[in-house]
Amino acid sequence: MAVLQETLLRKTEQKKNAKRLLFYFAYFSAGFALSFGKVVGDITPFGISLTAAAPKKFFPFAAAGAALGCALRGISAENARELAGITLALLGAFAAAAFEIYHKPLFVMAVAFFADLVSGVVLRLSLGGSFSDYVLLLSEAVLCSGGAFFFYRSINSSYKRLRLRALPISDVSCIVISLGIVLMNLSALSFGSICPARGAAMLLILIAVRYAGERRAVILALSLGFSMSLASENTLFVCGAFAFSALVASLFGSLSVFGVGLSFLCSVGFFAAASGSELSLPLFVECAAATLVFVLLPSRVNEKLSQSLSVNENEAPDGSLRQNLVLKLRFASSAMAAISESVDTVRERINEITRQKNDYDRAQLTDEEYIRREIVLEKTNQIRMVASDQFFSIADMLENLAFEFDESEIFDTVSAAKIRRLLGDYDIFASNVSVIEDKFGRIRIEILTASDTALADKKKLCDEIGKTVGRYFDAPRITNFKDETMLLYTERANFRLSVGFAQHSAEGNLCGDTVKVVSDGRGHSLLIISDGMGKGSRAALDGAMGAGLISKLISAGFGYDSALKVVNSALLVKSNDESLATLDIASIDLYTGKLEIYKAGAPASFIIKNRGITSCELTSMPAGILRGVEFAKRTAVLGVGDSIVLMSDGITDLGRDWVEKTLLSLDGLGVQETADAVLTRAMRDGDGKKLDDMSIIYAKLERN
């Protein structure tokens, strides 16, 4: 183990060293490029700018690269002046590192400004110069200071946020301007009339057209075109050529890379021919080379570029409506929880005062009157407790809704607009269409409409919606409100559940157990058995109330625990008599096969995997007895062919061994045949005993 840890640490250290060397080389190369090139009028302040703006670990390498580039230009007074400026910027960077003030951009700008200005003034004082020369020096110092600002902001931008398309536009602008400055200086390096920097600029513009969108591509083209125009005289047409060509290429952005590249090449070629400049042929050759590289980019590189640069209008940045809604829901949840605590405190105080008064009046009351008062006080206190619980339940519900909104990664407004137009072809006019993709990439579609959907071809509409979004959907779950209808389309899951169930009533025609099999609309199938206390109509009412409420609340977005609190409160105040119901729930995720079992006073469930049976027995209280009832929970994972069996205590009272032996002996039957056979054998083997209501749900997971 120690050897493995040492190996991992060594590899980690090697990666860090390699990354550090890469940064050393990058800053050295950038300093060299920025000092080697010249702007119109032989202004070369950007090596000084980078030296002042580079982080404290790397500014010596930026200074070394800038000094080397300056030295390679030859021996002259101007080059000596630039070396002096680089030296002054290096001293300022050392001072920033020593006093820990590098994080202040104003200091970085001041170092660059004075390093350039002081070195220039000393040179002019020694060689002499006119007033206009000093004005030019001041302008160059301002340009140097501005370059330092853009470099500083670019270096300290969060490039992880750039990938998430959440980088502030000001930082993006600084990155683009810094890139333009680098390419402008690199344009001094050429092979004959061919300038690789211009070709690189055009390649970047093509990539932006393809992956970053029309607006960003045009902005980048204008910035880089302007930078290239400043590099030499009579090249201002390059700015217009880049910008207009980016705009033309964006019109073909929906086509393949060939369409984008060819349209850009033709447009640049037109500008080159129209300019009549000696730069015309080199510019066309550079564009052709950039287009060829763009077309031949490997698919892996294209995927990385798409992930990093593609514009998705549906991804909400920080501070979006979705995040604002999540915050408001969580704030409301906290407020409701605080109200519940206040109500509970007031309830306890009122109960204490009323009981003290009842005890004080005891001597003046008969036993019957005293007992009647105690019953009324207890029932009133119980109702107040239920009111407090309801506030807690609402708080939990709001928190669950906030969690659900937070889990929804994307609200696809583009697809929603397409679906709205599609619905119009079926005479369905939606008041709201939401296309929601969660963090697992699953899509659900919610359509709210006041139109009559009964006459619509549901299968054809489902297929058309699937084609619009590019996914397969199951038939919609339809929920009718007073005047509106909700259509919920859930992406087709990997699995489906084959379900069989059977029941026996121990007294009359009404069974005290209620069985429900429902979908929560989020890819989960819910199996529910609720066993009311006793037998007959009263037990049937409690069981139906428990199963009906819990299924509706979970489907509406309540969490399991908050839904149980509501059911518990409803049973507590339903009548003066004791009223309770057990709840046995199995939730199966049809995308992954994950099984979640929730029990409130329910007997054991059974999981059948590979001809083996596992019993799941959890200790818990049924709903309707006490406050603060909670589910006992367990999770498992089902594979194809595995089964989950839920039973009421009318069957499980025959014994765990009996249940397991019976289930194993029925292997090979269908789910409904198995459920019927288990119920038949339970009634036969329980003959002569006092039978209770019996219910069984037998569900098998199958490939969809």
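A: Let's begin with a term: a patch is made of residues with over 30% relative accessible area and no salt bridge, where like charges are joined within 9 Å and nonpolar side chains (Val, Leu, Ile, Met, Phe, Trp, Tyr) within 5 Å. A salt bridge is a side-chain nitrogen of Lys or Arg within 4 Å of a carboxyl oxygen of Asp or Glu. Accessible areas come from the Shrake-Rupley method with a 1.4 Å probe, and for residues only the protein chains shown count as cover.

This is a predicted model, in which local features need pLDDT of at least 70 and side-chain atom pairs count only at pLDDT 80 or more, while totals for chains, interfaces and linings use all residues. Residues are numbered from 1 along each chain as its sequence is written, and side-chain values use heavy atoms, leaving out hydrogens and water.

Now look at the surface, where L88, L91, F114, V118 and V122 form a nonpolar patch with about 450 Å² of accessible area together. Two elements give two or more residues to this patch: α4 (77–98) and α5 (105–127). Helices are DSSP runs of H or I with at least four residues, strands are runs of E with at least two, and both are numbered from the N terminus. The biggest share of the patch comes from α5, with three residues. F114 sits in that helix, α5. F114 counts as partly exposed because its relative accessibility is 49%; buried means under 20%, exposed over 50%, and partly exposed in between (1.4 Å probe, protein chains only).

For contrast, visit strand β8 (residues 524–532), where nine of nine residues are buried.
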